[in-house]
Amino acid sequence: MPDSKDTPLHPDLESVLVTQSQILGRIKELGQQIKEIHGEEEITIISIINGAIMFTADLMREIDNPVRLDCIRISSYQNETKSMGTPKLIHSLTLDIANRNVLLIDDILDTGKTLEMVSDIINKLEPAKLTVCVLLDKEGRREVKFDADLVGFKISDKFVVGYGLDFAERYRNLRDIGVLNSDLQNSPELA
Ligand code: 5GP
Ligand code: MG
């Protein structure tokens, strides 16, 4: 269990699950693993926004290959703390990814529906290789069979915020990843 000496506990958090320094340390290792998979080749990064924005920014700076960046916007939560039905594609890709090495990045793998849908979209465009990297994996919550190639941290089934992850668009700017106080999860002021 991490003890967050880095920053004081945010008043809206019950606990810190992963500290900023743990995140940044693990991202260095993930950068190395991506290098082992893709060698010196150019990589087209696809980031699932908004959640993966911080993770993408830090991870891509650990990769010294030539990179291109595209973003895909998916909505799944609508101010709730559990995935609601089917994820919706809000904004698709703009870069051509046929025959490219694609690195798909998301913040968290939960039911698996988002990454299954986005991987299908990407695979239809016939990339040369697709590697999926997530910062967090809630393995116990899977509803469809999906495994990421690279995982930062496996976590238990708790609703987390910070480092890009939000609740009703709040808390993305926290440096650590923590569990939101359960009374706030039902708070109408945050909706
Ligand atoms: P899935 O489609 O795998 O159920 O959900 C993936 C998406 O749900 C993630 O990209 C993320 O946006 C959101 N999500 C899943 N678990 C959490 C969580 O604990 N906290 C937050 N803030 N978002 C989550
Ligand atoms: Mg997301």
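These are my notebook entries on what I looked up in this predicted model.

**Ground rules.** I worked from a predicted model in which local features need pLDDT of at least 70 and side-chain atom pairs count only at pLDDT 80 or more, while totals for chains, interfaces and linings use all residues. I number residues from 1 along each chain as its sequence is written, chains are lettered from A and ligands numbered from 1 in the order in which they are written, and side-chain values use heavy atoms, with hydrogens and water left out.

**Entry on helix α3.** I began with α3, which runs over residues 113–124; helices (H or I, at least four residues) and strands (E, at least two) are taken as DSSP runs, numbered from the N terminus. I checked the length of α3 and found its end C-alpha atoms 17 Å apart, which agrees with the 16 Å that its 12 residues should span at 1.5 Å a residue, the expected span being 1.5 Å times one less than the number of residues. I then asked which residues of α3 are buried, where buried means under 20% relative accessible area, exposed over 50%, and partly exposed in between (1.4 Å probe, protein chains only). I listed Thr114, Leu115, Val118, Ser119 and Ile122 as the buried residues of α3. They cover an arc of only 120° around the axis, so they lie on the same side of α3; the arc is that of the directions from the helix axis to the C-beta atoms. I kept the general rule beside this entry: an α-helix has 3.6 residues a turn, so residues three or four places apart point the same way.

Against what do these buried residues of α3 pack? I found them against β2, β3 (67–75), β5 (101–109) and β6. I took Thr114 as one case, and Thr114 counts as buried because its relative accessibility is 17%. Leaving out residues up to four places away in sequence, I noted that Thr114 touches Ile48, Ile74, Ser76, Pro87 and Asp106, contact meaning heavy atoms within 4.5 Å.

**Entry on helix α2.** I looked up the buried residues of α2 as well, and they are Phe55, Thr56, Asp58 and Leu59. The buried residues of α2 pack against α1 (20–38), β2, β3, β5 and β6.

**Entry on backbone geometry.** I found a cis peptide bond from Ile49 to Asn50, with omega near 10°, and I placed Asn50 in the loop between β2 (43–49) and α2 (53–60). Just after α3, Glu126 takes a positive phi of about 55° although Glu126 is not a glycine.

**Entry on salt bridges.** Side chains of opposite charge can pair when their charged atoms come close. Taking a salt bridge as a side-chain nitrogen of Lys or Arg within 4 Å of a carboxyl oxygen of Asp or Glu, I recorded a count of 14 salt bridges.

I next looked at Glu139 and Lys154, which form a salt bridge with their closest N and O atoms 3.3 Å apart. This pair links distant parts of the chain, 15 residues apart, with Glu139 in the loop between β6 (129–137) and β7 (150–154) and Lys154 in strand β7. Glu139 is partly exposed at 47% relative accessibility, and Lys154 is exposed at 56%.

Glu169 came up again as the partner of Arg172 in a salt bridge, the closest N and O atoms being 2.8 Å apart. Arg172 is buried, with a relative accessible area of 14%. I also noted a network in which salt bridges that share partners join Lys35, Glu40 and Asp64.

**Entry on a sheet.** I traced an open sheet of three strands in the order β1-β9-β8, with antiparallel pairing, two strands counting as paired if DSSP finds at least two bridges between them. Which strands are at the edges? I noted β1 (13–18) and β8 (160–161), each of which pairs on one side only. Two bridges join β8 to the antiparallel strand β9 (residues 177–180), and Val160 stands opposite Val179 in β9.
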